[in-house]
Amino acid sequence: MGCIQSIRCKPKSFRDSIVVLEVNSSIDSNPTSIDESSGVVLRYRTPHFRASARVLVPPVAGKESWTVGWIQACNHMEFYNKYGSKGMSSWELPDLRDGKIQAISDSDGVNYPWYGNTTETCTIVGPTKKDTKFTVSMNDNFYPSVTWGVPVSDSNVPMLSSIWRDQSFTTWLVAINQVSGEILVLQTVRWRMRLHIEVDPDKPLGQRAKLCEPIAQEQPQVLGKNEAIPPNAMVKPNANDAQVLMWRPRTGEPVVVIPPKH
């Protein structure tokens, strides 16, 4: 039965009344581009992962404040640069590598836990009298530089022979109550970026590198059932500050080339 005196009706909770109208997630179809313009480093730029959501927030009573946006964490990282028979350099997330944590924050490093705070989030400050509709969106790609020469050597003789990268991420659309700290997971997206570049260091600059399979990336999955956000995805350090560049020689002990920032 409907309410005769609406004042007695308990209003629906925010959790029950926020609506995700649409979610889109994709990785661009263009292949990774390779830049050999520098005699010191090879650069490459991967296609972008993109996620966007249209959200409807009903009227917010009282002085509640909700932020809706994207949070991302890295679940897996393999990032190896091989230098022929000498060994390889490797970007590593030690706690993730050693299984101490399930995931690490991929926040911009300023606006924890959010991926960013421009297009990535929207804050609704109550009281509001009408529905609020908005879009939150994010994108991510890799654009690193890899030295042609062995990173622990003074020599810049080109020895880079291959690059292998395989990273997995979970990206959540989330609403957080800024007063109570309540967290609502609205949508969960999983995606992966894989890269394999073969390099012939003996060829002239501009002709050394060749992109191998997979040329096109597998498309992201919007999950039918949401996943909880692991605690480490919400707090410092983020992946950029926690990562370490190791040199792992074919013989001898590994060397830390670039220590973590945190």
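Is Glu92 buried or exposed? Glu92 is buried, at a relative accessible area of 7%, where buried denotes under 20% relative accessible area, exposed over 50%, and partly exposed the range in between (1.4 Å probe, protein chains only).

The legends below describe a predicted model, in which local features need pLDDT of at least 70, side-chain atom pairs count only at pLDDT 80 or more, and totals for chains, interfaces and linings use all residues. Residues are numbered from 1 along each chain as its sequence is written, and side-chain values use heavy atoms, with hydrogens and water left out.

**Figure 1. Overall view of the protein.** The protein contains three helices and 16 strands; helices (H or I, at least four residues) and strands (E, at least two) are DSSP runs, numbered from the N terminus. The C-alpha trace spans about 85 × 35 × 25 Å along its principal axes. Of the 262 residues, 44% count as buried. Among contacts with a separation of 6 or more, 74% are made by residues 24 or more positions apart, a contact being heavy atoms within 4.5 Å.

**Figure 2. The salt bridge between Asp28 and Arg50.** The closest N and O atoms of this pair are 2.9 Å apart. Asp28 lies in the loop between β1 (19-27) and β2 (33-35), and Arg50 in strand β4 (residues 49-57), so the pair ties together parts that are 22 residues apart in sequence. Arg50 is partly exposed, its relative accessible area being 35%. A salt bridge is defined here as a side-chain nitrogen of Lys or Arg within 4 Å of a carboxyl oxygen of Asp or Glu. The structure holds ten salt bridges.

**Figure 3. The salt bridge between Glu92 and Arg97.** The N to O distance in this pair is 2.4 Å. Glu92 is buried, whereas Arg97 is partly exposed, with a relative accessible area of 46%.

**Figure 4. The salt bridge between Arg248 and Glu92.** The closest N and O atoms of the two side chains are 2.8 Å apart. Because Arg248 lies in strand β15 (residues 244-249) and Glu92 in strand β6 (residues 87-92), the pair ties together parts that are 156 residues apart in sequence. Arg248 counts as partly exposed, at 27% relative accessibility.

**Figure 5. The network of salt bridges that includes Glu92.** Glu92, Arg97, Asp98 and Arg248 are linked in this network. Side chains of opposite charge can pair when their charged atoms come close.
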